[in-house]
Amino acid sequence: MDAPGTPLPEIDESLLLRVLVDLLKTPSPTGFCDEAVLFTEKVFRSIGGVKVSRTRKGGLLVSIVGEKDDAPRALCAHVDTLGAMVKTIKSNGRLTLSRIGGYAWNTVEGEGCTILTRDGRRVRGSLLITTASSHVHGAKTADTKRDDDTMEVRLDEKVASAAETSALGITVGDFVAFDPRVELTNGFIRSRHLDDKAGVACLVEAARALASAGLKPAQTTYIFITNFEETGHGAASGIPAGATELVAVDMAAVGEGQTSNEFSSTLCVKDSSGPYHRGLSNRLRKLAEQYRIPHQVDIYPYYSSDGSAWWKAGGESAVALIGPGVDASHNYERTHIDALTATTRWVLAYLLN
C-alpha cells in the first residue's frame, strides 16, 4: 500500500511482460533500430493522449501534457542493443565481425545470429571459434584466444567460398543480431538485451498505467527512446532544451561488490562518467521510501548512460539514473518481474510528484 500522497495507478504485469518479450524478439543492434523503434512507437500511439515524433537520428520522442508546464521533465531509455557488423567474407565463406558495443567475444560464443542484409534478406548462422571442434583441434579449442580474428560466423547455407556467400546478398557492413533466447520462468526473465529493453518496457507501462487511470504527470513530460546508447551518444541530442530534469532508466548491474539485485530497482549515484545530480537523486530516493518501492543505491565503475551522454554534449538538465537489477549484464542476462514493477512504480511516483 502506498504511503500518504498521490496514489500510484495499477501496473498490468502481463502487459509489461508482453511488450518486453515482443521487443526483445525484435532485432535492434545499434545502427539497425528502425523495427524496434517502430514497434515502440505503435505501442505508445495505442495508449492515446500522447504526442509521438521521431528525431533526425531515428530516436522516438513521446510528449505527455502535464498538470503544469513551467518545469518540463524528461525520461529516457534505449532500444539499441549489442551486436555486430560483417567485417570480412572469408575464403571459406564464413564471416568475421566487428563488434557493436562493449562485450567480450566469449559472452556470445556459440550463439545463434541473423545477418541482416542490405537488400532485406535474413540469413541465419552461429558465432563460433575457428578451432571449435575439440575432435579436430584438441587442446586448441580451449586455448585459442577469443578475438576479432579467431571468431567467425558459420552460415546455415550451402557455402564454401567468398563468392557463394556474396551471392546470398551478404556484404561488408551488414548488421548482425544475436539471438535473445527469451525465457520466462518463475517470475524471472532470462534473455540477451534486457539492457535496455527492460527500461523501455517499464516506461511504456508507466505511460499506459497513467493514461488508463486518467491521470496527468505533475509536469509536462518527454519520454525519449534512444537508438545509439551502446555506442555512447544516444541522448547526446534529441532531448527538448526546456527539460529541467532527465531521469535515465537503464539496467542496474548485479554482481560481486554491488548492492543491486534482481528483485529491486536501483538508483545509480555514480558511474564511470562521475556522480549524477545529488539533488535529483535524493528526491528519487525519498519517493522510493515514501511509496515503499524496493530499491538499492549503487555505484558502477564500468558503466555510462544516456544521462552522461546528455551532460557530455552540454545538456544542462539535472540528471539521475534508475533501473531494474539485471544479472550478467552484456552477457546472457536475467532479471525478475519484481525489479520491473519496482522500476515502473518508481517512474510513476516521479511522474506524479
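Q: Which residue in β13 is the bridge partner of L75?

A: Good place to start! In this predicted model, L75 is paired with V247 of β13. That pairing belongs to a set of four bridges joining strand β3 (residues 68-78) to β13, and the two strands run parallel.

Q: Which strand does β13 join through five bridges?

A: That is strand β18 (residues 318-327), which also runs parallel to β13. As one example, A248 has L321 as its bridge partner in β18.

Q: How should I read the two sides of a strand, and which residues of β13 lie on each side?

A: The general idea is that side chains in a regular strand alternate between the two faces of the sheet. Here, E245, V247 and V249 are on one side, while L246 and A248 are on the other.

Q: Are the residues of β13 mostly buried or exposed?

A: Buried: strand β13 (residues 245-249) has five of its five residues buried. Both of its faces are covered.

Q: Now the helices. What are the angle and axis distance for α2 and α6?

A: In general, two packed helices are described by the angle between their axes and the distance between the axes. Helix α2 (residues 34-47) and helix α6 (residues 194-212) pack at about 15°, with axes 9 Å apart. An angle under 35 degrees counts as roughly parallel, and therefore α2 and α6 are roughly parallel to each other. Their crossing is left-handed.

Q: Which residues of α2 and α6 meet?

A: From α2 come T40, V43, F44 and I47; from α6 come V200, L203, V204, A207, R208 and A211. The residues of this contact divide into eight nonpolar, one polar and one charged.

Note on methods: Residues numbered from 1 in each chain as written. Predicted model: local features only at pLDDT ≥ 70, side-chain atom pairs only at ≥ 80, totals over all residues. Heavy atoms only, no water. Axes fitted to C-alpha atoms, helices over the stretch in contact; angles between N-to-C directions. Parallel < 35°, antiparallel > 145°, perpendicular 65-115°, else oblique. Left-handed = near helix turned anticlockwise from the far one by under 90°. Contact = heavy atoms within 4.5 Å. Nonpolar A, V, L, I, M, F, W, Y, C, P; charged D, E, K, R; others polar. Buried < 20%, exposed > 50% of the residue type's maximum accessible area, 1.4 Å probe, protein only. Pairing = 2+ DSSP bridges.
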